[in-house]
Amino acid sequence: MSAPLIRARGLTRVYKLGGGDVHALRGVDLDIERGEYCAIMGASGSGKSTFMNLLGALDRPSAGELVVDGEPLQDKRPDELARFRNRSVGFVFQQFNLLPRTTALDNVALPLLYRGWSLSKRRERAEVCLRMVGLADRMDHHPSQLSGGQQQRVAIARALAGEPAILLADEPTGALDSQTSEDVMDIFDRLNTEGITLIIVTHEADVGARARRQITFRDGLIVEDAR
Amino acid sequence: MNLLAALAVALIALRVNALRSFLAILGVIFGVAAVITTVSLAQGARDAVESRISALGASTLNITAGSRSRGGRQGGAGSGTPFSDADINALRTELDFIAAASGLVQSNVTAVVDGANWPTQMIGANAEYMDVRDWSLSEGRMFTEAETQRAARVAVIGQTTARELFPGGGAVGASVRVNSQPFDIIGVLGDLGAGAFGQDQNDVLLAPVTTVRSRVTGFSRAGVRDPVQQVWVKVAPGFDMELATLELEDYLRVRRNVAPGAQDNFSIRNFADLIRAFNETQRVLGLLLASAGLITLLVGGIGIMNVMLVSVTERTREIGLRLAVGARRRDIRNQFLIESVVLCSAGGVIGLGVGIAVARGIEAFGPAMGLTGLAVSVDPSVALIAIGAAAGVGVLFGFYPAVRASRLDPIEALRHE
Ligand SMILES: Nc1ncnc2c1ncn2[C@@H]1O[C@H](COP(=O)(O)OP(=O)(O)OP(=O)(O)O)[C@@H](O)[C@H]1O
Ligand SMILES: [Mg+2]
């Protein structure tokens with residue numbers, strides 16, 4: 001069997017605070033294969049977001065080993081991490097984080113700007129991605145002219161723009177009502193069947209139930225890993 | 001990320017906060033405008049002096065008796081012996097590089113026409129004086145050397161003098177009295193403009209040196225026949241001025257019996273050098289004013305830095321997002337640097353326009369406020385340097401905010417409210 005897409009060993013993240021250290025992750029071991037669909041669950045403060053941020057190279061581990069898509073993230077320089085974020089992972093946030101006063105199309109094209117693509121090529125790819133999330137008719141809208149669900153779909157399209165191996169979503173439905181949540185989750189389901197590796201943090205049981213693997217965190221450790 | 005894309009991002013960001021962007025660059029605008037105004041005025045003054053030099057003739061030499069090095073007439077036997085008509089003739093015939101030569105005596109006189117008085121300067125010279133000075137006539141004729149030889153009572157009148165004495169025109173053919181001596185006016189000079197030091201050259205009465213000497217000034221010196229106060233020569237075109245000066249000096253030392261090793265008992269002045277030296281003081285003043293403008297520009301840079309810092313804080317989330325989708329630190333840094341440079345360059349361009357407008361305004365309305373002799377000249381290289389300096393201020397003062405933006409932690413930036 002080939003090496004797993006994601007491999008964590010003794011993954012530790014300690015936040016240094018004035019009043020004492022916060023041990024957000026205390027040595028997590030985990031393997032995730034290519035094409036998996038995982039839900040990460042657990043109580044508030046259990047370390048889910050911390051873990052996701054490490055997977056997405058937005059943050060660096062205090063100790064331990066983390067290899068994602070063949071890249072050992074624990075000892076990469078900032079520019080290499082930027083390149084990894086640009087090519088290997090797509091991140092979807094709870095708060096969408098779209099650029100205001102910028103069209104849906106240009107929001108989606110943003111990651112490709114840092115790949116040095118020409119404007120026409122960026123927009124061409126962005127259009128394909130917006131089609132994938134069913135927003136072909138909203139390309140010229142600004143975020144303020146879109147509903148929450150639509151904004152999150154734009155954000156998903158943006159995460160897909162760079163054709164990453166892995167899609168990371170930290171509570172992607174947290175800011176949406178239940179009907180819109182389902183629409184968004186349908187998109188995730190479909191993307192996974194098309195082959196992308198999907199890791200979603202969620203508090204909602206029905207969202208978690210869609211995944212084929214449920215990983216539960218408590219106090220910075222994995223306490224349950226169900227398939 | 002390529003430059004064009006970065007420029008587009010910067011322009012969008014600046015347009016979103018158009019008013020703030022404009023306020024931020026006011027300091028830069030003032031700074032550049034101040035530099036452009038002062039430098040243009042100084043340059044204009046310099047150009048005016050240069051044109052006076054060429055009006056005077058870069059090939060003109062002025063010779064006076066007495067030593068130059070002592071700052072005035074030197075004492076001692078014979079050292080101050082004035083030049084004479086005979087010297088003029090000798091120079092004209094014996095030195096082939098001299099194209100024209102004239103003696104000169106001058107006196108402040110009162111010219112009278114039908115009871116109207118006008119104080120003016122009377123110049124006595126030879127016929128060739130017109131050639132030496134490159135002067136021209138607007139009416140009538142110049143007196144001839146023959147008229148000079150027989151001390152004819154004829155005169156050529158300057159334009160200002162003509163206007164004052166003959167407000168209704170008709171100067172040529174009329175008569176003007178100086179020292180109770182009538183002179184027939186035979187010509188009117190062309191416009192001579194301002195003199196080397198800004199005086200009005202058109203206020204003049206030009207007559208044969210012989211006539212002025214005998215009838216007006218009574219200028220004479222014991223032992224010297226037909227003395228003149230100054231000698232003016234024009235060096236033949238194409239002849240090297242320094243060589244001419246040296247040869248003239250050698251010739252005059254022999255002619256005036258200067259012992260070998262002794263100091264010259266005359267001095268030869270090249271007017272171009274004299275005026276340039278005078279102009280140097282103006283240049284220093286211009287530099288001082290321009291540096292005051294540069295300081296304003298630097299102070300304007302602080303305004304830029306302030307606004308860029310605010311902008312970085314406001315757009316922290318945007319920065320976090322850009323980092324999250326793959327921007328490198330230098331991409332973020334360059335984005336803000338370009339923004340700051342674009343901002344300052346815009347300030348530079350506006351400041352250039354304002355500066356030129358102010359300079360032109362001073363030029364246009366200065367005379368009404370009693371400022372004369374002002375001229376404005378906008379040097380394209382100065383304009384480029386000013387805009388370049390503004391852009392440089394953008395780099396200098398945009399650097400710290402840009403680096404700060406690039407050092408943000410992506411997660412903290414994304415969480416920023
Ligand atoms: N920047 C930080 N500085 C200090 N402590 C932090 C920081 N970020 C997270 N923590 C702490 O680390 C622990 C894990 O936080 P984390 O955000 O990973 O939890 P979570 O599982 O995502 O919770 P939630 O479900 O509420 O989002 C918490 O105790 C939190 O207070
Ligand atoms: Mg969380």
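Residues are numbered from 1 along each chain as its sequence is written, and chains are lettered from A in the order in which they are written. In this predicted model local features need pLDDT of at least 70, side-chain atom pairs count only at pLDDT 80 or more, totals for chains, interfaces and linings use all residues, and side-chain values use heavy atoms, with hydrogens and water left out.

User: What makes up the secondary structure of chain A?
Analyst: Chain A has 7 helices and 10 strands, where helices (H or I, at least four residues) and strands (E, at least two) are DSSP runs, numbered from the N terminus.

User: Why is chain A called as compact as a globular protein of its length?
Analyst: The globule rule is 2.2 Å times the number of residues to the power 0.38, and the radius of gyration is taken over C-alpha atoms. For 227 residues the rule gives 17 Å, and the radius of gyration of chain A is 17 Å, so chain A is as compact as a globular protein of that length.

User: Why is C38(A) called buried?
Analyst: Buried means under 20% relative accessible area, exposed over 50%, partly exposed in between (1.4 Å probe, protein chains only). C38(A) has a relative accessible area of 0%, and is therefore buried. C129(A) is likewise buried, at 0%. Buried residues make up 56% of the 227 residues in chain A.

User: How many disulfides does a search of the whole structure find?
Analyst: The search finds 0 disulfides over all chains, a disulfide being a pair of cysteine sulfur atoms within 2.5 Å.
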